[in-house]
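Hi,

Here is the structure I said I would pass on.

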Amino acid sequence: MAGADVDLFVIGAGSGGVRAARIAAEHGARVMIAEEYRVGGTCVIRGCVPKKLLVHASRFAHEFEDAVGFGWTVTGAKFDWPTLIANKDKEIARLEAAYHATLKHAGVEIVESRAVIEDAHTIRILKAGARIRAETILVATGGHPVRSDTPGAEFTVTSNEALQFDRLPGHIIIQGGGYIAIEFACLFHAMGAQVTLLHRGPEILRGFDDDVRHHLRSEMVARGIKIIFGQTVASIRKDGHQLEATLSSGEKHCGDTIMSAIGRVPNTKNLGLEAAGVKLKKDGAVAVDEFSKTNIPSIYAIGDVTNRIALTPVAIREGHAFADTVFGKTPRGFDHLSVPSAVFSEPELATVGLSEAKAREQGFKLDIYRSGFRPLTATISNRATSILMKLVIDRTTDRVLGVHMVGAGAAEIIQMAAVAVRMGAKKSDFDAAVALHPTSAEEMVTLHNKVSG
Ligand SMILES: Cc1cc2nc3c(=O)[nH]c(=O)nc-3n(C[C@H](O)[C@H](O)[C@H](O)COP(=O)(O)OP(=O)(O)OC[C@H]3O[C@@H](n4cnc5c(N)ncnc54)[C@H](O)[C@@H]3O)c2cc1C
């Protein structure tokens, strides 16, 4: 395009946008990236990373408990929330600076402003009021948490604020049953808060395998988290420092904090997408093809704003594939099959491949292997907890379609199982692998307990 200021303008410096910008620049493109908040995006600033740091902090509580059975006396252990938040903020600032440096090193120009689209090749930078002409525009604006519109919803917080509280809540009521609700419920509970989880559905973690959903829920309840199913919050009333939630049943619950974790929506509003004629899906996400191209040939979109699979590694892969396709002369899409995922709950849950229900829905004839056992750490500490492992096998081909686990280290174990699933491993390959003893993971290669076929 004659007279373009840049080859690529990326809107949003989160996981996907940063990767796309860097790779495009490495392919020789002139790249500009706009960020309205902080470089690093949701994952680094108010998602995966700060959340996982809080999860790590919360896990010491169980470790101190278990330590007693192993002969340790832990006296005077105290938890200080402000210290954790200050140290977390320091680490996030370090990561943000590293992202800035990476982009600068690749030759990408960073614009610290909101940017909106004016037409298929024009972007307006709001802070400076400047217009930039770009050969290609990449929308990588991510998503934001939804707040319900019930009376009193203004008293609720979302995950954004929960990562920045100035003190640990005394009693937090969390609305939602997805992974973010579950993770915050577990971490606040382990740190000492009283937690009530309110979910409108009949079970937590819709979309995950039913056995792991039930298992994690019973572990959470056994630890003391109160879970109320089948209800929503009808209204919220503030009385001094207390909040009173009236549920759809009329029941009332009081706490000092109410967190809304009822979902996230793509950032597509007031972005100029309509002006450029970009088509959206019913859920408000940008509609794209397998190469992340919208219906407007010069505009692409990746990551949470497309609401395909809203996870960091997916946004990164989509961004990389986009940059290779458009600037690296190697057109390639990103295959969204067998993406592993984890819930950093207590205990942890992780999964790759198909759930039993999904596999049956797709017409597979299945063999199901399942095992529940007590982890070694819980034996002499006497903690009432058990690990669940489950393999979903295609009986016709012996292929492993899904691997599911609840228990300590689940995410680390499932990451490696994802390699096997991706390669099309069979149950016989799992059986042929020699156990690494004594571990929890060895159960994956010694699973002979066929529970259904
Ligand atoms: C609490 C929480 C925990 C999570 N935990 C995990 C996890 O454990 N593992 C995992 O894989 N994923 C996790 N996620 C999801 C993950 O963070 C996202 O999938 C990922 O960040 C998506 O990357 P993205 O590039 O699409 O968007 P984002 O990272 O959201 O980046 C979009 C950026 O665009 C900016 N922006 C928006 N509009 C404009 C505009 N008009 N102009 C300029 N800038 C703009 C935003 O400020 C933002 O920085 C978590 C999310 C949350 C909220």
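**Helix packing, ligand and backbone**

Val18, Ala21 and Arg22 in H1 meet Tyr99, Thr102 and Leu103 in H4, where contact means heavy atoms within 4.5 Å. By class, this contact of H1 with H4 has four nonpolar, one polar and one charged residues. (Ala, Val, Leu, Ile, Met, Phe, Trp, Tyr, Cys and Pro count as nonpolar, Asp, Glu, Lys and Arg as charged, and the others, Gly among them, as polar.)

Before the rest, some housekeeping: this is a predicted model, in which local features need pLDDT of at least 70 and side-chain atom pairs count only at pLDDT 80 or more, while totals for chains, interfaces and linings use all residues. Residues are numbered from 1 along each chain as its sequence is written, and side-chain values use heavy atoms, with hydrogens and water left out. The H and E labels are DSSP runs numbered from the N terminus (helices, H or I, have at least four residues and strands, E, at least two).

Back to H1 and H4: their axes come within 9 Å and cross at roughly 25°. Axes here are lines fitted to C-alpha atoms, for helices over the stretch in contact, and angles run from 0 to 180 degrees between N-to-C directions. That makes H1 roughly parallel to H4 (angles under 35 degrees count as roughly parallel, over 145 as roughly antiparallel, 65 to 115 as roughly perpendicular and the rest as oblique). H1 passes H4 in a left-handed crossing; left-handed means that the near helix is turned anticlockwise from the far one by less than a right angle, and right-handed that it is turned clockwise.

H1 (residues 15-26) also packs against H9 (residues 312-327), with axes that come within 7 Å and cross at roughly 30°. H1 and H9 are therefore roughly parallel to each other, and their crossing is right-handed. Among the residues making this contact are Ser15, Gly16, Arg19 and Ile23 of H1, with Ala315, Gly319, His320 and Phe327 of H9. The H1 and H9 contact has eight nonpolar, five polar and two charged residues.

H4 (residues 81-105) has a further crossing, with H3 (residues 48-69): those axes come within 10 Å at roughly 145°, and the crossing is right-handed. Val49, Pro50, Leu53, Leu54 and Ala57 in H3 touch H4 residues including Trp81, Leu84 and Lys88.

Now the ligand. It is surrounded by 36 residues, the closest being Gly16, Glu35, Thr42, Lys51 and Asp304 (a residue counts as near if one of its heavy atoms lies within 4 Å). For polar contacts (pairs of N or O atoms within 3.5 Å), a backbone N or O atom of Glu36 lies 3.1 Å from a ligand nitrogen. Ligand oxygen atoms are 3.4 Å from a polar backbone atom of Cys43 and 3.3 Å from one of Leu311.

- Glu346 to Pro347 is a cis peptide bond, with omega near 0°; Pro347 sits in the loop between E17 (341-343) and E18 (349-353).
- His437 and Pro438 are joined by a cis peptide bond with omega about -10°, and Pro438 is in the loop between H13 (427-432) and E22 (450-452).
- Asn270 has a positive phi, near 50°, in the loop between E15 (264-266) and H8 (273-276).

Cheers

Terms used: Polar contact = N/O pair within 3.5 Å; in protein donor to acceptor, adjacent residues only side chain to side chain.
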